[in-house]
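Please look over the sequence and the structure shown here before reading on. The paragraphs after them are meant to be read with both in view.

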Amino acid sequence: MIEIQSVSLTRAGQRVLEGVDLTLPRGDLTALVGPNGAGKSTLLSLAARLLPLQQGSITIDGLPVGSTPGKVLAKKLAILRQDSGPPPRVSVREMIGFGRFPHSGGRMTAQDKAVVEEALARFELEGLANRSLDRLSGGQRQRVMVAMTYAQGTNYIFLDEPLNNLDMYHARQLMLELRRLVDETGHTIVIVLHDINHASASADRIIAMKDGRIAADGPPDAIMQTGVLEKVYGFPVSVADVEGIRVALPYSR
């Protein structure tokens with residue numbers, strides 16, 4: 001379980017987060033949504049100790065994020081940031097292998113190599129395994145980075161806008177695979193998404209943020225309502241039911 005209590009953050013004189021309280025149980029896929037600058041990525045970075053806590057507390061399975069040794073935290077939580085730029089001359093297989101560093105210390109065992117091969121297969125990267133990253137498209141590199149994060153072998157996975165650069169097919173495949181991970185292995189995934197329809201189709205819970213606060217929190221059916229979305233995004237958003245999934249129609253008039 002991840003517990004976030006009274007977390008606030010100020011940067012460059014601006015309040016980025018204000019009194020955020022959340023409990024994230026294990027075994028769910030949670031989507032963080034909301035307008036640009038709402039504080040979604042900042043909240044993930046604080047929980048992963050990429051930024052220091054200023055106010056409040058965050059614990060992961062009872063371990064305080066601020067004081068837990070990095071080696072211990074790296075076996076609990078993996079995060080893929082938006083700016084996780086991979087080195088271009090590394091092969092796909094080698095890049096995914098970097099995810100095993102908290103376990104291998106750079107000396108890959110047979111078990112580490114087996115995890116890498118499983119990640120290649122799970123994210124449909126087997127045909128690219130020996131290709132260097134500078135020969136991949138942006139979308140292919142993004143899938144490699146997600147596979148590397150998965151290969152870290154943690155119970156908790158944070159993904160910050162992983163659908164960036166992915167075409168419709170691969171965005172759908174990634175969300176389906178994340179859903180399977182949660183259902184079949186009990187992983188806990190927290191994902192920042194701008195496409196709220198992917199959140200509606202795949203998430204157990206949607207947390208909408210605005211101006212550094214929690215604006216709405218609940219299952220997809222409760223969040224995918226015109227009134228709720230207008231509160232979050234600032235304009236009326238039509239919502240339709242399509243094959244049992246609530247779908248936002250922001251382009252409708």
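What follows goes from the nonpolar cores to a pair of helices and then to several single residues.

This is a predicted model, in which local features need pLDDT of at least 70 and side-chain atom pairs count only at pLDDT 80 or more, while totals for chains, interfaces and linings use all residues. Residues are numbered from 1 along each chain as its sequence is written, and side-chain values use heavy atoms, with hydrogens and water left out.

A nonpolar core is here a set of buried Ala, Val, Leu, Ile, Met, Phe, Trp, Tyr and Cys residues joined through side-chain atoms within 4.5 Å, where buried means under 20% relative accessible area, exposed means over 50%, and partly exposed lies in between, with a 1.4 Å probe and protein chains only. The largest such core has 51 residues, and the members that touch the most others are Val92, Ile96, Leu125, Val144, Leu178, Ile189 and Ile191. Helix H6 (residues 138–151) gives this core its largest share, seven residues; helices (H or I, at least four residues) and strands (E, at least two) are DSSP runs numbered from the N terminus. A separate core of 27 residues lies apart from it, and includes Leu32, Ala38, Leu43 and Leu73. In soluble globular proteins, nonpolar side chains tend to be buried together.

Once its neighbours within four places in sequence are set aside, valine 92 is in contact (heavy atoms within 4.5 Å) with Leu120, Leu128, Ala129, Arg131, Leu133, Leu136 and Val144.

How do helices H5 and H6 pack? Helix H5 (residues 110–122) and H6 have axes 9 Å apart and pack at an angle of about 140°, the axes being lines fitted to C-alpha atoms, for helices over the stretch in contact, and angles running from 0 to 180 degrees between N-to-C directions. The two helices are therefore oblique to each other, since angles under 35 degrees count as roughly parallel, over 145 as roughly antiparallel, 65 to 115 as roughly perpendicular and the rest as oblique. On the H5 side, Val115, Glu118, Ala119 and Arg122 meet Ala147, Tyr150 and Ala151 of H6.

Glycine 127 is placed in the loop between H5 and H6, and with a relative accessibility of 73% glycine 127 counts as exposed. Asparagine 164, by comparison, is found in the loop between strand E7 (156–160) and helix H7 (168–185), and is partly exposed, at a relative accessible area of 32%.

Helix H1 (residues 40–47) is mostly covered, with seven of its eight residues buried, and Leu43 and Leu46 are among them. Just after H1, arginine 49 takes a positive phi of about 60°.

Most residues other than glycine have a negative phi. Alanine 12, in the loop between strand E1 (2–11) and strand E2 (14–24), has a positive phi near 50° and is exposed, with a relative accessible area of 83%. Glutamate 243, in the loop between strand E11 (238–242) and strand E12 (245–249), also has a positive phi near 50°, and at 80% relative accessibility glutamate 243 counts as exposed.
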